[in-house]
Amino acid sequence: MKKTINNILLLLLIFGGIFYLYFGEKETEIEDLTPYQIEVGGIFNPGAYIEISNVQIMYNGNNSFTATNNGEQIMMITVNVVGVKSDGTNELIECIPFGGVDEVQYENDKVANGWAIQQYTNKVRPKDSLTSTVEVFDFGHGSPKPDIDNDGYYDLTFLFSPQDSMDSIHVSTDDPEAGPYKLPVE
């Protein structure tokens with residue numbers, strides 16, 4: 001009986017490892033990337049970046065981006081999948097999550113409490129960076145496909161909203177928006 005339980009546990013461990021290797025977080029060696037700036041309409045290949053409102057967003061590969069805030073104000077980043085029309089305008093298809101672990105708050109909570117819970121944010125403090133994995137969903141059931149023009153790319157726009165603090169949200173029609181840029185469909 002004990003041997004059977006051990007074998008089952010071993011199988012679960014093996015299958016868990018295989019599952020993680022296949023579906024788990026894929027790391028990209030950021031230091032191996034050669035950064036280059038792209039213009040509106042450009043393709044996000046590893047190393048490609050945009051810079052708007054003192055925030056640089058670089059594509060690391062595997063749907064991972066790093067946002068670096070070189071400005072003096074907290075910046076909230078929102079990403080949308082859009083459909084680009086023939087006249088150059090675009091239409092919103094999907095708002096997609098862009099966020100990562102708030103490492104500063106995590107470390108502050110660990111010091112203050114002796115423990116901490118990783119909290120996610122889409123805000124980047126001045127002189128800080130945030131790594132985010134972008135996930136685009138195809139909802140089906142009559143919803144528009146995220147690659148609506150079937151060109152093999154998602155068309156993304158980025159909205160940059162200056163914030164007074166990490167605890168509040170301010171969005172304005174005057175907030176700078178960049179894009180669309182192309183992200184390869186994986």
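How many bridges join strand β5 to strand β6, and do these strands run parallel or antiparallel? In this predicted model, six bridges join β5 (residues 74-84) to β6 (residues 90-96), and the two strands run antiparallel. Within the pairing, V79 stands opposite I96 of β6. The two strands form a hairpin with five residues between them, and G88 in the turn has a positive phi of about 95°.

**Confidence**

The average pLDDT of the protein is 85, and 83% of the residues score at least 70. Confidence is highest in β3, at a mean of 97, and lowest in helix α1 (residues 2-23), at 40. Over residues 4-28 the pLDDT is below 50, and this stretch has seven contacts in the model beyond near neighbours in sequence. Where pLDDT is low, the predicted coordinates should not be read in detail.

The bridge partner of I52 is V55 in β3.

Strand β4 (residues 64-69) contains S64. This serine is buried, at a relative accessible area of 12%, because the cut-off for buried is under 20%. Leaving aside residues up to four places away in sequence, S64 touches M58, Y59, T131, S132 and T133.

**Nonpolar core and aromatic pairs**

The largest nonpolar core has 27 residues, of which F44, I57, F65, I77, L156, F158 and F160 touch the most other members. Two or more residues of this core come from each of β2, β3, β4, β5, β6, β11 and β12. In soluble globular proteins, nonpolar side chains tend to be buried together. F158 has contacts, not counting residues up to four places away in sequence, that include F44, I50, I57, F65, I77, V79 and Y181.

A search of the whole structure finds nine aromatic pairs.

| Pair | Centre to centre | Angle between planes | Geometry |
|---|---|---|---|
| F44 and F65 | 5.1 Å | 90° | edge-to-face |
| F44 and F158 | 5.9 Å | 70° | edge-to-face |

Because F44 lies in the loop between β1 and β2 and F158 in strand β11, their pair ties together parts that are 114 residues apart in sequence. Both F44 and F158 are buried. Ring pairs link F44, Y59, F65, F98, F158 and Y181 into a cluster.

**The loop between β11 and β12**

S172 lies in the loop between β11 (153-163) and β12 (177-184). Is this serine buried, partly exposed or exposed? Its relative accessibility of 33% places S172 in the partly exposed class, because that class lies between under 20% for buried and over 50% for exposed. The side chain of S172 reaches the backbone nitrogen of D174 at 3.0 Å. S172 and P162, ten residues apart in sequence, are 9.1 Å apart in space, C-alpha to C-alpha.

Conventions: Residues are numbered from 1 along each chain as its sequence is written. This is a predicted model: local features need pLDDT of at least 70, side-chain atom pairs count only at pLDDT 80 or more; totals for chains, interfaces and linings use all residues. Side-chain values use heavy atoms; hydrogens and water are left out. Two strands pair if DSSP finds at least two bridges between them. Helices (H or I, at least four residues) and strands (E, at least two) are DSSP runs, numbered from the N terminus. Buried means under 20% relative accessible area, exposed over 50%, partly exposed in between (1.4 Å probe, protein chains only). Contact means heavy atoms within 4.5 Å. A polar contact is a pair of N or O atoms within 3.5 Å; within protein, one must be able to donate a hydrogen and the other to accept it, and residues adjacent in sequence count only if both atoms are side-chain atoms. pLDDT is the predictor's confidence in each residue, from 0 to 100. A nonpolar core is a set of buried Ala, Val, Leu, Ile, Met, Phe, Trp, Tyr and Cys residues joined through side-chain atoms within 4.5 Å. Rings of Phe, Tyr and Trp (its six-membered ring) pair if their centres lie within 6.5 Å; planes under 30 degrees apart count as stacked, over 60 as edge-to-face and the rest as tilted.
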